[in-house]
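This report describes selected strands, helices and contacts of the structure shown below.

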Number of protein chains: 2
Amino acid sequence: MGAPKSGATPRGRAGTARGIGGEFAAIDRLARLLPGPPPGEVWLGDDAAVLRSPGGQLVLTTDVAVAGVHGDLALIGLDDLGWRALSAAVSDVAAMGARPRGAVLAVAGPPDTDLELLYRGVAAAAEAHGCPVVGGDLSTAGQLSVAVAVLGEIDGTPGAVLRSGARPGDQLFVTGPLGAAAAGLRALLAGQPAGGPDDEALRRAHRRPRARLLEGEAAREAGARAMVDVSDGLLADLGHLADASGVGFRLDAVPVHPGASLDDALGGGDDYELVVAVADAGALLELFARRGLRPPLAMGTCDGDPAVRTLAGRPVPSAGWEHPWGPAPEG
Amino acid sequence: MGAPKSGATPRGRAGTARGIGGEFAAIDRLARLLPGPPPGEVWLGDDAAVLRSPGGQLVLTTDVAVAGVHGDLALIGLDDLGWRALSAAVSDVAAMGARPRGAVLAVAGPPDTDLELLYRGVAAAAEAHGCPVVGGDLSTAGQLSVAVAVLGEIDGTPGAVLRSGARPGDQLFVTGPLGAAAAGLRALLAGQPAGGPDDEALRRAHRRPRARLLEGEAAREAGARAMVDVSDGLLADLGHLADASGVGFRLDAVPVHPGASLDDALGGGDDYELVVAVADAGALLELFARRGLRPPLAMGTCDGDPAVRTLAGRPVPSAGWEHPWGPAPEG
């Protein structure tokens with residue numbers, strides 16, 4: 001991501017403490033110390049930073065995955081952790097409507113870490129997403145952490161899709177049903193053998209998520225006004241989009257993945273589907289169809305009142321997922 | 001760096017085990033799993049990766065600093081650790097002759113980490129190097145690690161200066177005297193109050209190193225054939241340049257910083273001066289003078305025989321600094 005955003009959350013780890021005065025307060029502290037961007041650039045605060053370049057725009061983002069926080073190595077392999085780390089950063093590039101150009105990988109961990117296995121997962125994710133690993137760094141540390149930074153690019157117009165562009169009346173879509181990763185984690189935690197193709201698909205959604213790069217590019221080209229990836233759960237991420245845009249939202253329905261629950265879909269995170277706000281739904285549907293992409297699913301509309309946040313007419317819980325971090329907030 | 005190179009070493013930590021079959025073997029394992037770059041690009045293996053762009057070239061690099069490995073928090077502050085983490089990555093950009101465009105910061109650490117202090121050091125280094133922090137990520141972890149990725153750019157020609165371009169007969173320069181950071185660490189370890197301005201300068205060299213950005217750009221524009229930053233110690237880094245270029249070297253003299261020893265200069269690391277190989281020393285000296293930069297210091301020449309590595313006619317020790325990492329090498 002281009003900002004210490006909510007993405008810095010316990011991906012795939014149900015029940016981690018959410019903290020008060022945690023991560024977001026810490027982010028505010030960083031932002032206060034830093035100068036703001038020049039016109040035409042976006043630094044802290046979106047899925048990725050946006051920088052101008054002679055060819056259009058560059059985006060830059062980083063994600064860090066920590067063993068035991070972002071992936072339980074009793075449930076998934078080191079290769080899965082590597083896959084997830086790269087995919088999470090690539091998903092931030094997708095959420096801007098950009099194309100990944102290359103990734104660098106900083107690994108810190110115990111000397112007996114099976115780097116070969118970790119690298120195999122990273123390399124597989126790099127190939128699957130068309131995002132080559134172009135460099136890296138290694139250090140010893142007591143606990144394994146994998147930080148991935150991804151550079152992306154956008155040629156021409158329209159430019160990167162920010163979180164902040166949604167307007168009242170915009171229609172909200174999501175690129176796929178939600179909750180699979182959370183349901184898959186639950187299946188892994190249950191420790192039973194996979195119970196058939198659906199169950200295997202859920203587990204795979206947790207172990208090997210895919211960033212929606214083609215969908216993100218198509219949404220940008222179709223004139224999307226705002227976009228965010230669902231890394232922290234729909235309510236949290238849609239909340240970020242609504243906060244940044246100064247709008248509320250009225251959801252009619254949330255598409256739930258087969259085998260997942262509505263709670264998984266609303267709060268589970270790690271799905272890496274994209275939420276898109278558009279003024280012209282027809283253009284979005286038409287371009288997705290023309291490119292052979294899975295049709296985006298309508299969820300509802302943006303509301304002019306930022307306080308309105310409803311699902312089927314009822315207020316939704318405002319829960320997000322945060323790390324406990326840093327000192328307690330003042331006052 | 002653009003590669004898991006020797007930079008992944010115990011910066012500022014004297015006496016850390018060097019390991020056998022350690023980091024370099026691990027790097028080879030990663031490189032074997034990854035596809036190679038297209039013509040005109042450099043991925044793994046240099047200070048930073050080089051990517052083509054419409055405006056010229058982009059460089060991308062990452063460095064990770066781990067508390068207790070790359071900086072002892074009993075000796076330096078969290079702000080110093082933050083400064084060092086950013087500066088180390090920016091130095092890799094300098095070593096390509098590029099200009100930094102922006103950095104992203106991935107921090108993993110204990111919840112009680114004083115993020116404000118860490119960020120202050122990062123922000124100060126960002127300002128000092130003209131490299132804005134444009135994004136980041138945060139996670140809890142048992143041990144503090146700070147991964148910084150830096151994007152740099154080169155407009156026009158000549159392109160990025162690689163490690164591999166040195167040729168027999170090229171003259172070797174360094175942008176400043178060496179060993180200050182190692183001597184400063186020793187002074188800090190001794191635990192005595194600073195003994196005057198020289199001593200304070202040494203300690204500052206360890207706590208607050210500066211990347212040689214202007215020097216790197218000037219060297220590139222003056223036609224440098226190969227360049228590397230001294231992050232691991234002169235012998236290790238010059239060795240990387242010589243290995244990559246397929247040359248040896250004959251050093252006449254090594255400039256030692258006041259208060260430092262020759263051993264500090266040869267093996268101490270963390271100085272972040274640049275080693276430059278040039279065919280035309282006059283152009284280098286002239287451009288540095290024209291820009292008001294400290295004159296680069298002549299050290300010797302490149303030799304056609306890769307086995308020749310001497311200082312004042314005597315073979316130099318081939319020691320580098322490596323982390324112990326990964327399983328023992330096969331065979």
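This is a predicted model: local features need pLDDT of at least 70, side-chain atom pairs count only at pLDDT 80 or more; totals for chains, interfaces and linings use all residues.

Residues are numbered from 1 along each chain as its sequence is written, and chains are lettered from A and ligands numbered from 1 in the order in which they are written.

In chain B, an open sheet of mixed pairing holds five strands in the order E1-E2-E5-E3-E4. Strands E1 (49-53) and E4 (133-140) of chain B are at the edges with a single partner strand each, so one side of each has no neighbour in the sheet. From one strand to the next the twist averages 20°. Helices (H or I, at least four residues) and strands (E, at least two) are DSSP runs, numbered from the N terminus; two strands pair if DSSP finds at least two bridges between them.

Helix H2 (residues 78-94) of chain B packs on this sheet and touches E2, E3 (99-109) and E5 of chain B, its direction making about 150° with that of E2(B). Such angles run from 0 to 180 degrees between N-to-C directions, with axes fitted to C-alpha atoms, for helices over the stretch in contact. Contact means C-beta atoms, placed from the backbone, within 7 Å.

| Strands | Bridges | Opposite residues |
|---|---|---|
| E6 (residues 171-174) of chain B and E9(B) | four bridges | B:Val174 and B:Val275 |
| E7 (residues 226-229) of chain B and E9(B) | four bridges | B:Met227 and B:Val276 |

Five of the five residues of E9 (residues 274-278) of chain B are buried, so the strand is largely enclosed by the rest of the structure. A residue is buried if 20 or more other C-beta atoms, placed from the backbone, lie within 10 Å of its own. B:Leu274, B:Val276 and B:Val278 point one way from E9(B), and B:Val275 and B:Ala277 the other way.

Between the chains, 60 residues of chain B are in contact with 61 residues of chain A. E4(B) supplies the largest share of this side of chain B, eight residues.

In chain A, the buried residues of helix H4 (residues 180-190) include A:Ala180, A:Gly184 and A:Leu185. The buried residues of H4(A) pack against H5 (197-207) and H8 (262-267) of chain A.

Key:
Two residues are in contact if their C-beta atoms, placed from the backbone, lie within 7 Å. A residue is buried if 20 or more other C-beta atoms lie within 10 Å of its own, exposed if 12 or fewer, and partly exposed in between; C-beta atoms are placed from the backbone.
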